[in-house]
Amino acid sequence: MAGTLPDWLGWWSSADYDVARTLLQRGFGALYALAFFGALRQFRPLLGERGLQPVPRFIARTHWRDGPSLFRLRGLRYSDRLLVAVDWCGMLLGASVVVGLPQAGPWWVPALVFLALWWLYLSLVNVGQTFYAFGWETLLCEAGFLVAFLGSDAVGTPLLMIFAVRWLLFRLELGAGLIKWRGDTAWRDLTALNYHHETQPLPGPFSWHAHHLPRWWHRVEVAGSHVTQLLLPWLLLLPQPFPSVAALAFVLTQGWLVLTGNFAWLNWATIVLSLGVVDDGTWAWLGGLLGLPDGGGAPASSSAGAASSAGAAAAPAAPLDFVVVVSAVALLLLALSVRPALNLASRHQRMNASFEPFRLVNAYGAFGSITRRRDEITVEGTLTDNPGPDDWVEYEFRGKPGPVGRRPPQVAPYHLRLDWLMWFLPLGHSARWFTVFLRRLLEADPETLRLLRRDPFDGRPPRAVRAVLHRYRYTTPEERRRTGDWWVRERLQLAVDPVRLPAA
């Protein structure tokens with residue numbers, strides 16, 4: 001279609017969110033590139049043709065309606081070679097957005113790039129089974145679809161999509177707050193963070209320090225979490241500057257979570273979404289407050305965007321075809337929002353749930369219950385046919401606790417999928433994949449071993465492997481000064497008796 005908007009639809013696009021659009025597009029371009037890079041390194045040993053949960057078997061027993069995916073298309077059945085091509089394509093497309101190439105073209109160029117990113121990543125998620133069954137996967141899918149319709153530098157930012165971003169951020173924050181309040185009593189009596197920094201799936205390098213902060217501070221943290229997640233999201237439904245105030249508060253709280261744990265790209269995606277609802281007037285005010293030249297300092301997507309951050313420029317005229325497409329997408333998202341909205345109001349709120357297979361409007365939440373003790377499965381192997389107690393050597397994982405003297409590493413926003421799933425084993429979750437994992441260790445499978453930090457046998461196949469259940473706790477400050485250790489662990493029992501490969 002040709003033509004531009006009539007005057008009475010002048011509100012439809014805005015020059016007040018050019019900085020927001022830039023941050024949303026480039027931020028999620030970077031997160032998509034990182035997610036595909038992680039898939040390139042981890043998908044094959046976890047889910048490939050010889051993976052712990054092979055995709056071909058999963059596809060054979062499920063249907064398209066269970067999870068649309070590129071790998072279900074006739075003539076494009078899953079193969080590890082196709083997986084590598086998808087990952088490289090995703091990384092290159094994401095990188096192109098980070099440097100701003102699609103944004104320099106017509107509005108439909110970034111739309112096609114982000115729709116390709118959404119479809120390729122959805123294709124991974126919908127066959128990823130246990131290893132892709134987390135809220136940050138659906139968040140990346142939903143956000144990528146929204147960002148696809150923000151337009152390019154040649155058009156003004158469509159307000160309908162900014163409202164859609166606000167709605168996503170509202171569900172993300174309020175959903176997390178409600179699932180906590182309705183869940184574990186530790187959130188209501190303000191004691192949750194007495195445990196959380198120690199028992200979270202993958203502690204970070206500052207988690208030990210956060211755990212040893214005074215108990216009164218932990219109570220302040222929990223109270224602050226309730227204010228941020230239960231009250232501030234409602235400001236997103238009001239006119240500016242209220243959404244910007246709420247968004248900047250979200251950025252601060254998410255930054256604290258980045259410092260004290262490893263939650264894949266969940267916190268970083270929330271930060272990008274939060275920055276994506278801050279208007280250019282607020283950026284100009286912040287720049288002036290910090291004494292930056294021209295009251296700016298934030299990136300702008302074009303010369304028009306730079307001017308608009310000072311409130312001086314009008315939005316470029318929106319082509320009629322852009323208006324029609326974005327308006328249709330907004331109506332679709334509105335219709336799909338009914339069930340997620342009802343879920344927020346339900347006493348039986350679902351956490352991290354999708355209500356349709358394309359994951360366009362989802363439910364979110366995190367840590368509705370808090371683990372009070374940290375039990376860990378460690379994996380050991382031996383080169384001895386008849387091993388004694390001292391003949392077993394421990395495999396080291398990249399992120400999860402293992403040797404007590406190793407400081408928890410910073411890995412997020414990169415996501416260690418095997419390490420994360422290991423956290424669930426002591427909690428009683430069914431894990432047939434773990435049996436396959438032990439077999440791959442017995443085979444000294446190179447791709448599986450590359451998922452680990454250290455193979456104690458340097459590629460040689462062990463004679464037997466076993467799993468041991470330990471209880472971990474942080475050292476006290478006095479124990480840390482005396483021993484240099486970050487953890488104290490106590491052996492509880494064998495979780496899996498020694499297993500060997502069948503005799504040839």
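C141 is buried, with a relative accessible area of 0%, where buried means under 20% relative accessible area, exposed over 50% and partly exposed in between, for a 1.4 Å probe and protein chains only. This is a predicted model, in which local features need pLDDT of at least 70 and side-chain atom pairs count only at pLDDT 80 or more, while totals for chains, interfaces and linings use all residues. Residues are numbered from 1 along each chain as its sequence is written, and side-chain values use heavy atoms, with hydrogens and water left out.

The sulfur of C141 has its closest cysteine sulfur in C89, at 15 Å, which is too far for a bond. A disulfide is a covalent bond between the sulfur atoms of two cysteines. With a disulfide taken as a pair of cysteine sulfur atoms within 2.5 Å, a search of the whole structure finds zero of them.

The chain has 20 helices and eight strands, these being DSSP runs numbered from the N terminus, with helices as H or I of at least four residues and strands as E of at least two. For 504 residues a compact globule would have a radius of gyration near 23 Å, and the 24 Å of the chain agrees with this; the radius is taken over C-alpha atoms, and the globule rule is 2.2 Å times the number of residues to the power 0.38. Along its principal axes the C-alpha trace spans about 85 × 60 × 45 Å, and buried residues make up 56% of the 504 residues. Of the contacts (heavy atoms within 4.5 Å) with a separation of 6 or more, 76% are between residues 24 or more positions apart.

Y17 counts as buried, because its relative accessibility is 6%. Although Y17 and D279 are 262 residues apart in sequence, their C-alpha atoms are 5.2 Å apart in space. Leaving aside residues up to four places away in sequence, Y17 touches T157, L159, I162, R166 and Q240, together with V277, V278, D279 and D280.
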